[in-house]
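Please read them with the structure open.

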Amino acid sequence: MSAGRNSIMELTENVVEDGSSCRNMPHELWSLDEVHPKKSKFPCCIVWTPLPVVSWLAPYIGHVGICQEDGAILDFAGSYLLNIDNFAYGAVARYLQLDRAQCCFPPNLAGHKCKNGYMHSENGTAVSWDDALSSSMRKFEHKSYNLFTCNCHSFVANCLNRLSYRGSLGWNMVNVVVLILWKGQWVDAMSVVRSFFPFALVLCLGLLIAGWPFLIGLASFSVLLMGWFLISTYFAKSLLEC
């Protein structure tokens, strides 16, 4: 059995043990440690980093993960592969800390504070933040990775739906991207540089070598890419594998 699988099983066992002892008592939110980028600790955050090649052509596309209450990063990095505290594709460039008070941790069917009680129970609930992440990991460790139909954004969206974050069960690849890019903050100035410099370089070289046809081609690529995710997410959900 691989070390990664052992880590997932240990995480699951710890959460189950902790969760079973508190299912019959109100869920209390303890204070979190501070965000510490140098130690790669981002408690209850969504984190983002640019992807090689893909982000050079479309800088709004990147790799995302979600973090446990102790700050460890969890991410869906490939088929049947979930990393724990080993973020794929480099250091975090952008992060957004989420408010656990906007999540729903029902101890029972009558304990929902969100408006989607029955649907939330059907889709999967959790007694704590880490319990929700652990449940999503168990699901995605059996998933095949596909950039277009089942990717790291799908994993984060599944976690947010299990948490019923902001009272919503409609989290998906598109609104996860919008959330982190619109409200996330940069770790430092160098994170901005490494996120946009490759794109700027490719853009300048393309214009220098091929001229305006390159710019038109790049714009067409972005339109097709965004069109695929919008259509598959909101109008043809059967195309998605997660």
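**Notes on the predicted model**

1. The largest nonpolar core has 32 residues, and I66, L98, W129, F155, V156 and L160 are those with the most contacts inside it. A nonpolar core here is a set of buried Ala, Val, Leu, Ile, Met, Phe, Trp, Tyr and Cys residues joined through side-chain atoms within 4.5 Å. Two or more residues come from each of β1 (45-50), β2 (62-67), β3 (73-78), α4 (129-140), α5 (152-163) and α6 (173-183). The element that gives the most is α5, with 7 residues. Helices (H or I, at least four residues) and strands (E, at least two) are DSSP runs, numbered from the N terminus.

2. On provenance: this is a predicted model, in which local features need pLDDT of at least 70 and side-chain atom pairs count only at pLDDT 80 or more, while totals for chains, interfaces and linings use all residues. Residues are numbered from 1 along each chain as its sequence is written, and side-chain values use heavy atoms, with hydrogens and water left out.

3. V156 touches I46, V64, G65, I66 and V176, leaving aside residues up to four places away in sequence. Contact means heavy atoms within 4.5 Å.

4. The axes of α5 and α6 are 8 Å apart and the helices pack at an angle of about 90 degrees, which makes α5 roughly perpendicular to α6. Axes are lines fitted to C-alpha atoms, for helices over the stretch in contact, and angles run from 0 to 180 degrees between N-to-C directions. Angles under 35 degrees count as roughly parallel, over 145 as roughly antiparallel, 65 to 115 as roughly perpendicular and the rest as oblique. H153, S154, V156, A157 and L160 of α5 meet M173, V176 and V177 of α6. By class, the residues of this contact are 6 nonpolar, 2 polar and no charged. Ala, Val, Leu, Ile, Met, Phe, Trp, Tyr, Cys and Pro count as nonpolar, Asp, Glu, Lys and Arg as charged, and the others, Gly among them, as polar.

5. S154, in helix α5, counts as buried at 9% relative accessibility. Buried means under 20% relative accessible area, exposed over 50%, and partly exposed in between (1.4 Å probe, protein chains only). Not counting residues up to four places away in sequence, S154 touches F140, T149, M173 and C242.

6. Rings of Phe, Tyr and Trp (its six-membered ring) pair if their centres lie within 6.5 Å; planes under 30 degrees apart count as stacked, over 60 as edge-to-face and the rest as tilted. The count by this rule comes to 8 aromatic pairs. One of them, F42 with Y95, is tilted, at 5.3 Å centre to centre and 50 degrees between the planes. F42 lies in the loop between α1 (3-22) and β1 and Y95 in strand β5 (residues 94-97), so the pair ties together parts that are 53 residues apart in sequence. F42 is buried, with a relative accessible area of 1%, and Y95 is buried at 11%.

7. The ring centres of F76 and F140 are 5.3 Å apart with planes at 70 degrees, so this pair is edge-to-face. F76 in strand β3 and F140 in helix α4 are 64 residues apart, and both are buried. F76, F140, Y145 and F155 form one aromatic cluster.

8. Helix α7 (residues 189-209) and helix α8 (residues 212-234) pack at about 140 degrees, with axes 7 Å apart, and are therefore oblique to each other. F199, V202, L203, G206 and L207 of α7 contact W212, F214, L215 and L218 of α8. These residues divide into 8 nonpolar, 1 polar and no charged.
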